[in-house]
Amino acid sequence: MSNKILVTRSSMPELEEYVEEIRDIWDSHWLTNMGEKHKNLQQQLKDYMKVENVELLTNGHMALELTMQAMNLQGEVITSPFTFASTTHAIVRNGLIPVFCDVNPIDFTIDVTKLESLITDKTCAIVPVHVYGNICNVEEIDRIAYKYGLKVIYDAAHTFGEEYKGCGIGTFGDASCFSFHATKVFNTIEGGAVCYKDELLGQRLYNLKNFGIRGPEDVESVGANAKMNEFQAAMGLCNLRHVEREIKKRKKVVERYRERLEGIKGIQLNHIQDNVKSNYAYFPVIFDEKLFGHSRNEVFDKLAENNIMARKYFYPLTNTFDCYHGQYDVSKTPIALYLSKRVLTLPLYADLSIEDVDRISDIIVGMME
Ligand code: T4K
C-alpha cells in the first residue's frame with residue numbers, strides 16, 4: 001500500500017524559486033507591513049482576478065470578519081449553513097445574527113427562491129457562499145439586494161481565479177472574500193483577500209487590517225492587525241506563476257473522476273455550471289444510501305481503510321455546531337441537512353495521479369457489487 005492520500009495537498013513552487021523570491025527580503029530586512037512583495041502581489045492579483053480593487057489580508061477568515069466590520073453592519077445577515085465554520089463565525093463575531101437560508105440541491109449554493117421570505121426590517125446583508133467553487137446565482141442575489149437595500153458579501157474562499165460570463169468572480173456584490181490558505185487552489189501559506197467596489201470600504205478595510213494607522217502620527221480608527229507578511233506574499237508571487245498549470249492538472253483529475261463515477265446509481269456528482277470558468281477546487285460527491293447501497297460514512301470508512309482520507313466537507317452544518325447549541329432551527333434548512341449527511345469530498349490536488357484517482361474510484365465502484 002502506498003502512502004496516505006489526503007483530501008488535498010498544498011501546491012508549492014520549487015524550493016529554489018521560493019528561495020530566489022525571498023532573497024531580497026534578506027537584503028532589505030523588510031519582513032512585513034505592506035512591503036514590496038505585498039504591493040507586487042496586490043497588483044498582479046488585480047490583473048489575474050480581473051477586479052478593480054484587492055486588499056490582501058492575513059487569511060480568508062479575517063477577510064470576511066473585517067469586511068463585515070468595515071461595513072458597520074447591524075442586525076440580521078442571511079447566509080448558508082453549508083459551509084466552513086468561518087462564514088458563520090465571522091457573522092457572529094461581528095455581533096450580527098445569522099439567519100440561515102437553505103441551499104439548492106443542484107449546486108449547493110444559497111437557494112435564491114427562499115431568500116426574500118427571510119428578509120425582515122432587521123436584515124442588513126446577505127453572505128452567500130460560492131461553495132466548492134460553484135457560483136451562486138449572482139444576478140438574482142443582486143436583484144434582491146438592490147430591491148431591499150442590502151449589502152452583499154460573497155464568501156468566495158473557494159473561487160480563486162474563477163470567472164462568470166467573462167467577469168472576475170470578485171466583481172460581484174459589494175465585496176468578495178477569498179482564502180489563500182495552504183489547502184486552496186492558490187495559496188500564500190495562510191492568506192486572504194477582499195475584492196471590493198467602494199473606495200471608502202477599501203480605506204476602512206485597510207485601517208482595520210493595520211491598527212487604523214494612516215501615517216506615523218495619524219491613527220484614524222480602532223483597527224486590528226491582519227496584514228499579509230512578505231513571506232506570504234512571496235509564496236503568492238511564486239504560486240501565481242504556476243496557477244494556470246495547476247488548474248489544468250486539477251481539471252484532468254476531475255475529468256477522470258467524472259469518467260469513472262458518472263451515472264452510477266445513488267451517486268450525485270458536482271453540477272457543471274454554464275458560463276463559469278472553473279478552478280476545480282473540490283470534488284464533492286453525494287451518496288444516497290438507498291440507491292447506492294452504502295452510506296457516505298461507509299464510503300468514508302472504506303476509503304480510510306485503504307489509506308485514502310476523504311473529508312466530509314461540510315458536515316456538520318454550521319447551524320448545528322456545539323457552540324451554537326439550541327440557537328438555530330436546523331429543520332429550516334432541510335436540503336443543507338440532507339446534503340451534509342451524504343457528502344464526501346474526494347481527494348483532489350494538482351499532482352494527484354490518474355492511477356490514484358482510478359484506485360479511489362475502483363474502491364467506490366467496488367462497493368456497489
Ligand atoms: N470560508 C470558506 C467557505 C472556507 O472554506 C474557508 C476555509 C474560509 C472561509 C476561511 O479561510 P481561511 O481563514 O482558512 O483562509 C481546511 C482549511 O484550513 C480551511 O482554509 C478551509 N476553508 C477548509 C475547507 O479546509 P481543515 O480543518 O479541514 O484543514 P486540515 O488541516 O485538516 O487540512 C486538510 C488537508 O489539507 C490535510 O489533510 C492535508 C492538506 N494540507 C493541510 C495543510 C494545513 C496540506 O497539504 N498542507 C497544509 O499546510 O480546514
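Ground rules first. This is a predicted model, where local features need pLDDT of at least 70, side-chain atom pairs count only at pLDDT 80 or more, and totals for chains, interfaces and linings use all residues. Residues are numbered from 1 along each chain as its sequence is written, and side-chain values use heavy atoms, with hydrogens and water left out.

Back to the rings. Phe-186 pairs with Phe-160, and the pair is stacked, at 4.4 Å centre to centre and 20 degrees between the planes. On cut-offs, rings of Phe, Tyr and Trp (its six-membered ring) pair if their centres lie within 6.5 Å; planes under 30 degrees apart are stacked, over 60 edge-to-face, the rest tilted. Phe-160 sits in the loop between E5 and E6, Phe-186 in the loop between E8 and E9, and 26 residues separate them. Helices (H or I, at least four residues) and strands (E, at least two) are DSSP runs, numbered from the N terminus.

Phe-160 is buried too, with a relative accessible area of 2%. Phe-160 has another partner, Phe-180. Their centres are 5.6 Å apart and their planes at 90 degrees, so this pair is edge-to-face. Phe-180 is also buried. The whole structure holds 19 aromatic pairs. Elsewhere, ring pairs join Phe-82, Phe-108, Tyr-132, Tyr-282, Tyr-313 and Phe-314 into a cluster.

Next, Lys-184. The unreviewed UniProt entry marks this lysine as "modified residue: N6-(pyridoxal phosphate)lysine". That record also gives Lys-184 the annotation "active site". A caution: UniProt positions follow the numbering used here, feature names are shortened, and annotations may be inferred rather than shown by experiment. Lys-184 lies in the loop between strand E8 (175-179) and E9. Its relative accessible area is 14%, so Lys-184 is buried. Leaving aside neighbours within four places in sequence, Lys-184 contacts Ala-157, His-158, Ser-179, Arg-250 and Tyr-282. Contact means heavy atoms within 4.5 Å.

Now the packing. The largest nonpolar core has 58 residues, and those with the most contacts inside it include Leu-41, Phe-82, Ile-141, Phe-160 and Phe-180. Such a core is a set of buried Ala, Val, Leu, Ile, Met, Phe, Trp, Tyr and Cys residues joined through side-chain atoms within 4.5 Å. Among the elements supplying at least two residues each are helix H2 (36-49), helix H5 (138-148) and helix H7 (230-261). H7 gives the most, with 5 residues. Domain 1 (15-238) and domain 2 (242-366) each supply at least three residues. Those bounds come from an automatic or database domain assignment. Apart from this core lies another, of 27 residues, among them Leu-261, Ile-264, Leu-303 and Leu-346.

Last stop, H10. Which residues of H10 are buried? They are Ala-336, Leu-339 and Ser-340. They cover an arc of only 100 degrees around the axis, which puts them on the same side of H10. That arc is taken over the directions from the helix axis to the C-beta atoms. Their cover includes strand E14 (284-287), helix H9 (296-305) and strand E15 (343-345).

Note on methods
Buried means under 20% relative accessible area, exposed over 50%, partly exposed in between (1.4 Å probe, protein chains only).
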